[in-house]
Every structure is written in C-alpha cells, then in structure tokens.
Amino acid sequence: LEEHSRIRHLGSGCRYWVCVYTNDQHRLGLELGQDPLDTPFYKALKHVDGALLVLGEHGEAAERIWCGFEACASFWKSTQYDFASIVGDKAHILTFEPAEDDAMDGGGRDAFGRWMTRLFGFPEAALNKLL
C-alpha cells in the first residue's frame, strides 16, 4: 500500500478500505441476494476514487469472480483500477496508464518509459492471470 500511495502521489491522508469486510461471510446468501448491483460490495464501490487489487505472486485473486466483478464495476464507473503484487520484500504496482510518479524526471526516461519499466517488472505469473 505504501508503494501504491507513493506511485500515485496519494499523500499521507490517503485511506485504503479492505473489501473482504464488505459482505458478512456468515450471512452471505442474505447479503448477496440475486442481483450483484444490490450488494453492499457494489454499493461501496460506487463511493471510491480508485481500487487496488492485491495479488499474490501467482495472481490467485484474479481467478475469483468477485475480483472480476470489482474490476468491471470500476471500469463502468471510470474508476482508477490498479494491481499490486509482492514478491519477497518488493512491491510491484501495475497501472493501466502512466502513474503520477512516472511523470516525474526519471533520469531522462519519459513517463511512458517509466511506466513500461514497471509493467515489465510486474511478476509474470500474476500478470498472466490478469490476461
């Protein structure tokens, strides 16, 4: 989360909400109902400025239907949607476009070049699950 906040220039006042706590896991049938657009999960997504999907090194979360729904809901709303993965002690952040930090002077590389460097540094197994 710290690396994501740094790359996106979100500042110290940035707050992250963990979506796993949205639905009561002991009353899942009652919480979800028939229409995903009526769930507490979707209602919460309508009030965010961006979403970050945190993947394991091998991208397991990308196979979960709710993660796909989260991505689609974010795209419908034109919400910034980013991905993170941690390998060892290094955080990798993937964005769909150059992030705010990419636009800063990076030793002669332009924003696109910095963004591509991050893209190619993202764990391959996790990236493959996203594709």
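Begin by selecting His 9, which at 41% relative accessibility counts as partly exposed (buried means under 20% relative accessible area, exposed over 50%, and partly exposed in between, with a 1.4 Å probe and protein chains only). His 9 sits in the loop between helix 1 and helix 2 (28–32), and its phi is near 55°, a positive value in a residue other than glycine. Helices (H or I, at least four residues) and strands (E, at least two) are DSSP runs, numbered from the N terminus.

Before moving on, note that this is a predicted model, in which local features need pLDDT of at least 70 and side-chain atom pairs count only at pLDDT 80 or more, while totals for chains, interfaces and linings use all residues. Residues are numbered from 1 along each chain as its sequence is written, and side-chain values use heavy atoms, with hydrogens and water left out.

**The whole chain**

Colour the chain by secondary structure: there are six helices and three strands, and from the N terminus on they run α-α-α-β-α-β-β-α-α. Of the 131 residues in the chain, buried residues make up 36%. Among contacts (heavy atoms within 4.5 Å) with a separation of 6 or more, residues 24 or more positions apart account for 59%.

Next select Leu 53, which is in strand 1 and, at 8% relative accessibility, counts as buried. Leaving aside neighbours within four places in sequence, Leu 53 is in contact with Ala 61, Cys 67, Glu 70, Tyr 81, Asp 82, Phe 83 and Ala 84. Draw a distance from its C-alpha atom to that of Leu 94, 41 residues apart along the chain, and the separation is 9.8 Å.

The structure holds four aromatic pairs; rings of Phe, Tyr and Trp (its six-membered ring) pair if their centres lie within 6.5 Å, with planes under 30 degrees apart counted as stacked, over 60 as edge-to-face and the rest as tilted. Show Tyr 42 and Phe 69, a tilted pair at 5.9 Å centre to centre with 50° between the planes. Tyr 42 lies in helix 3 (residues 40–45) and Phe 69 in helix 4 (residues 65–76), so the pair ties together parts that are 27 residues apart in sequence. Tyr 42 is buried, with a relative accessible area of 16%, and Phe 69 is buried as well, at 15%.

**Helix 5**

Select Phe 112 and Trp 115, another tilted pair, at 5.6 Å centre to centre and 50° between the planes. The two are three residues apart in helix 5 (residues 111–121) and are therefore separated by about one helical turn. Trp 115 is buried, at 13% relative accessibility, and the buried residues of helix 5 also include Gly 113, Arg 114, Met 116 and Arg 118. What covers these buried residues includes helix 1 (2–8) and strand 3 (90–94).

**A last stop**

Finally, display Tyr 81, Phe 83 and Phe 96, which ring pairs link into a cluster.
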